[in-house]
Amino acid sequence: MLKQRLERFSWVDIFLRLFQVAFIVIIVIGVYNTVTTARYTGAQWATLVFAGLAQGSIYALIALGYTLVYGILLMINFAHGEIYMAGAFTAVFLAQYLYNIGILDSNPILGIVALILLAASVSTVIAVFLERIAYRPLRNAPRLVPLITAIGASFALQYTFRGLYGAEFRSYPTVNVLRGLVNVFGFKVPLVQLVVLGAAIVLMVALYIFVERTKMGRAMRAVSEDKDVARLMGVDIDRVIVTTFAIGGALAGAAGVFNGLFRPQGVYFFMGFFPGLKAFTAAVLGGIGNIPGAMIGGLLLGVIESIFPNLILEGLGIPSANQLRDAFAFTMLVLILIFRPQGIFGERLAEKKA
Amino acid sequence: MNKKTSIWHIIVRSGLVGGLVSFYLAAIGIVETFSLRNLIGTTISIGMVFVASGIVAAGLLTARALQKEKFAKGIGASMLSGVVASLPLLFLIFLIEILVIQRADQQVVFNWRNMFVNFSPGLEGLLTFGQGLALGIPLLIVFCAALGAFGGLLVLLPNHWRLPLINGLVWTLGIGVFSENVAQIITQIAGRGLVRLMFQQKSLHPVAALIIFAGAFVFTYSMVHKKVQVRWTNLPSSRQKQGRVVGIVLGIILLLLLPWLVGQFLSQALFIVGLYIMIGLGLNIVVGYAGLLDLGYVVFFAFGAYTMGILTSAGPLGLSNLNFWTALPFCVLVGLIWGFLLGFPVLRLRGDYLAIVTLGFGEIIRILATSDWLAPFEGGPQGVLHIPNPVIFGYTMNQPQAMYYLVIAGSLLVAFVTVRLRDSRLGRQWMAMREDQDVAEAMGINLVQTKLLAFAIGAAFSAMAGGIFAARLGNIFPHSFNLLISINALALIIVGGLGSIPGVVVGALILVGLPELLREFTEYRLLMYGILLIVMMLFRPEGFVPELTRKRELHAKDEGFIDQNMEAVETTKS
């Protein structure tokens with residue numbers, strides 16, 4: 001018995017195991033050093049966590065698009081980050097307009113809802129168009145082909161919007177009502193972060209109810225289970241796939257507006273690329289194809305990205321740890337895909353795919 | 001399209017597709033940007049060619065769908081489709097008119113020009129030929145009709161007229177677009193006088209254009225007429241062989257003489273093409289042969305460049321002041337080792353997961369390279385400076401021409417190794433693994449070893465290219481090793497044809513060489529890459545110079561290799 005097990009245990013496994021252990025040791029040392037030297041106060045950590053949650057809710061909304069599409073087509077829609085960009089970049093012009101005529105301050109809810117509607121519809125149109133032009137003809141092609149198409153689509157969309165709206169940064173105006181701090185459990189948290197988090201959660205719950213309770217949601221689940229059988233049961237596959245892309249696009253568009261509301265850096269044509277990759281990380285973290293997984297994965301990734309540079313890297317004595325913030329998200333991605341490709345919550349789809 | 005689709009449906013559909021292409025090109029600013037660059041005389045600019053391309057495409061599509069109809073009917077339909085294609089352009093004129101021009105002198109709250117940066121009066125002027133709306137719009141419609149009919153002609157004419165026409169157009173437009181480079185070459189060969197006759201600044205002289213067109217036309221016409229291709233295939237095989245040998249010898253001579261024919265600027269472009277051929281050949285082993293999609297391939301290029309930099313630099317970061325030739329093997333070695341190390345953790349991953357993880361590696365290493373943390377070792381954002389040029393027999397290779405020979409030698413070496421590997425046991429193992437990992441493993445192929453060798457050898461080639469790159473540039477900075485290099489390399493091997501060595505060369509010439517020459521296109525380079533990748537995947541997934549097995553695989557259905565049962569197996573697998 002033991003001998004058999006030993007025989008099956010190849011040196012690749014040993015190496016990967018060592019790799020894993022080394023990582024855990026590094027993390028533990030970093031955390032231990034940071035905590036024992038008491039570099040930051042509890043309030044500072046709380047600030048980081050809340051900022052991470054707000055950022056994470058944006059990742060989560062984008063991640064849902066990846067997860068929905070992956071669940072149904074088993075395909076990574078590499079251009080999803082650009083769909084997010086399309087909505088955010090278009091809505092910035094409306095936001096500036098609404099700000100100039102004063103609606104964004106006199107009637108902020110109406111203004112923000114209008115922004116979300118515009119961004120979501122632009123993103124939806126782009127997503128559906130992309131599916132029709134680039135993905136549908138390739139549905140039965142070898143796996144690499146749609147992935148390469150998606151990479152091409154990603155660049156084509158970036159530079160289309162660069163041509164259309166110009167290459168400069170455009171900033172969302174600050175909404176006065178959203179300024180200020182709120183007291184949560186005794187910690188002072190910027191209101192805008194809470195609003196973004198809350199709105200994102202509302203959208204996610206709505207999506208969950210849609211998928212679990214409506215007829216179209218049931219059809220989506222059926223198609224993700226088995227396309228051919230679903231077709232035999234009378235499900236219109238094309239319609240389901242288009243709906244999936246549309247929902248993913250709408251959520252990404254909304255995420256674009258939230259991003260604009262709480263990050264003043266401005267939007268431009270390349271803004272979707274890295275959030276797209278990170279959202280993909282979030283989707284993988286929660287188990288790709290798994291809807292609640294993507295939500296929790298997004299929030300988790302936001303928090304990790306926000307606190308880990310300070311928590312681990314500074315403990316290890318690495319200078320200017322915040323420069324390495326992005327590296328953290330990618331390291332997470334690599335580690336999860338290598339050690340637990342089915343994600344935290346595990347999803348049968350990961351097995352089916354392999 | 002089924003048989004009952006009415007002719008009107010075809011006309012409207014292709015017209016709208018073509019018109020929207022033109023609309024798109026105008027709306028993202030390509031048309032206006034290139035309207036300043038004249039092609040022939042002072043009337044025809046590259047921008048106009050872009051607008052026209054959509055309209056011509058409309059006529060082309062219509063004629064293609066109506067190929068079996070009578071000639072006159074086909075041409076009439078393409079002409080109508082050209083008129084339909086003008087509708088989106090008219091809509092664009094309308095938008096510019098009411099959103100921008102009419103409101104120009106009013107105090108507005110929402111400035112549309114601020115959003116759609118290219119909706120300018122200048123664009124409207126271009127589309128109406130500067131004649132104002134009343135005269136310009138009818139003129140535009142007439143032009144579109146003519147262009148549509150022309151597109152129809154390109155399809156419907158019999159071959160012995162069609163091919164010369166297309167060739168004549170390609171040559172005239174080609175020489176017009178590359179006028180600067182052509183002028184340089186002509187200056188090198190024939191002197192300045194001819195250049196002055198042919199070109200007015202960057203634009204072809206109309207008479208010269210006409211002569212080029214006529215020349216290409218007559219030449220192709222006589223070639224088609226004499227049935228050159230048929231006669232070649234009818235030659236006895238020994239004569240064909242002789243002919244091929246002569247061709248190859250001529251090719252080699254041309255390759256060696258090239259830098260002296262084309263001058264410094266083009267030699268530098270050729271150097272970069274050669275560099276990408278090396279990178280592409282390396283990536284071709286990983287993606288084309290072993291079927292492992294690697295999106296972080298730039299990492300190895302960067303390792304090669306940094307190894308060269310640190311080993312030879314005369315600056316403070318230089319460790320050993322080795323010369324280029326002793327440092328180059330170390331670059332290759334470092335590439336091998338890192339290919340091995342980064343290949344190891346991803347052994348268990350397949351397909352798109354592998355792609356994303358390698359992309360992640362690429363980004364992690366780029367971020368680390370720019371961080372302050374590692375700056376004491378590799379310079380951080382300031383990079384490594386003062387890397388000497390290679391020296392051979394006391395001659396410093398600081399001219400692009402000299403580096404061209406170096407990179408050609410490198411590419412030939414890499415190509416030779418690739419061919420030998422491809423035909424070896426290892427190459428067959430790679431391809432077996434590409435086709436089906438599980439079956440390959442069941443056949444007794446050691447997947448771990450095979451995969452790692454693919455990663456390591458591919459990485460070594462790229463690192464060698466990196467070393468040469470560093471020695472040419474003299475200074476290297478982390479931001480030059482970004483994702484775009486990986487995407488470039490991937491795009492070029494896909495466009496050329498995955499797994500095909502001539503494909504890599506063709507891909508590098510098209511995707512790297514052309515943009516190097518067309519400096520004006522820099523802004524739209526990535527747009528064109530993106531669209532090219534999509535279009536290739538949709539219509540010619542095997543690439544321009546396909547490898548045979550891959551072509552069969554991708555077109556299995558058309559050629560009837562796969563019967564119903566096999567198809568069922570395929571769909572369940574995917």
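How far apart are the end C-alpha atoms of helix α7 (residues 132-156) of chain B? They are 35 Å apart. At 1.5 Å a residue, its 25 residues should span 36 Å, which agrees. The expected span is 1.5 Å times one less than the number of residues.

## Model and confidence

This is a predicted model, in which local features need pLDDT of at least 70, side-chain atom pairs count only at pLDDT 80 or more, and totals for chains, interfaces and linings use all residues. Residues are numbered from 1 along each chain as its sequence is written, while chains are lettered from A and ligands numbered from 1 in the order in which they are written.

Chain A has a mean pLDDT (the predictor's confidence in each residue, from 0 to 100) of 85. In chain A, 95% of residues reach 70 or more. Residues 348-354 of chain A stay under 50. For that stretch the model has nine contacts beyond four places in sequence. Two residues are in contact if their C-beta atoms, placed from the backbone, lie within 7 Å.

## Chain A

Chain A has 15 helices and two strands. These are DSSP runs, numbered from the N terminus: helices are H or I with at least four residues, strands E with at least two.

The radius of gyration of chain A, taken over C-alpha atoms, is 21 Å. A compact globule of 354 residues would have one near 20 Å, which agrees. The globule rule is 2.2 Å times the number of residues to the power 0.38. The C-alpha atoms of chain A fill a box of roughly 75 × 60 × 40 Å along the principal axes.

Buried residues make up 50% of chain A. A residue is buried if 20 or more other C-beta atoms lie within 10 Å of its own, exposed if 12 or fewer, and partly exposed in between, with C-beta atoms placed from the backbone.

## Helix α7 of chain B

Buried residues of α7(B) include B:Leu140, B:Cys144, B:Leu147, B:Phe150 and B:Leu156. The buried residues of this helix pack against α3 (46-65), α4 (71-101) and α6 (121-127) of chain B.

## Where the chains meet

The contact takes 48 residues from chain A and 47 residues from chain B. On chain A, α2 (11-37), α4 (80-100), α7 (144-165) and α14 (325-339) each supply at least two residues. The largest share, 16 residues, comes from α7(A).

B:Met115 lies in helix α5 (residues 112-115) of chain B. B:Met115 is buried, with 20 other C-beta atoms within 10 Å. Leaving aside neighbours within four places in sequence, B:Met115 is in contact with A:Phe93 and A:Tyr165.
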